[in-house]
Amino acid sequence: MAIALEAIHEAGDEQMGAAWIDGLKCNAVLDVNAWGDAAYQSEETLWVVTFLTWDAQYQYWTQRAYAYLTEDGEVILADLDLYSNG
């Protein structure tokens, strides 16, 4: 999870308005093949780590960031959803 969070922070440095990154909480670590993301299906195990933030305006947790990693910890993709409200 630390590798994924570091990648999210790096992605946040490249995007405006991402000050909320420090409030991210890890939501899930899932096997991409089991999660069903067809764009990243692979014979090797790939992991997706999802992160949430508390949305005070709407009073619920919302997914705000995710990272895809190989079994060896190589980051394939890290991205934030700056405009998500659930």
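I looked up the largest nonpolar core first: it has 11 residues, namely A4, I8, A11, I21, L24, V49, F51, A65, A67, L69 and L80. By the definition I used, a nonpolar core joins buried Ala, Val, Leu, Ile, Met, Phe, Trp, Tyr and Cys residues through side-chain atoms within 4.5 Å. Buried means under 20% relative accessible area, exposed over 50%, and partly exposed in between (1.4 Å probe, protein chains only). I noted that α1 (2–13), β2 (46–55) and β3 (60–70) each give this core at least two residues.

The model is predicted, with local features needing pLDDT of at least 70 and side-chain atom pairs pLDDT 80 or more, while totals for chains, interfaces and linings use all residues. Residues are numbered from 1 along each chain as its sequence is written, and side-chain values use heavy atoms, without hydrogens and water.

I then checked L80, which sits in strand β4 (residues 75–80). L80 counts as buried because its relative accessibility is 6%. Its C-alpha lies 9.3 Å from that of H9, at 71 residues apart in sequence.

For the fold, I recorded two helices and four strands, in the order α-β-α-β-β-β from the N terminus. Helices (H or I, at least four residues) and strands (E, at least two) are DSSP runs, numbered from the N terminus.

I found one aromatic pair. Y66 and Y68 are edge-to-face, at 5.9 Å centre to centre and 80° between the planes. Ring centres must lie within 6.5 Å, with planes under 30 degrees apart stacked, over 60 edge-to-face and the rest tilted. Y66 is partly exposed at 22% relative accessibility, whereas Y68 is buried at 4%.

Definitions and conventions: Rings of Phe, Tyr and Trp (its six-membered ring) pair if their centres lie within 6.5 Å; planes under 30 degrees apart count as stacked, over 60 as edge-to-face and the rest as tilted.
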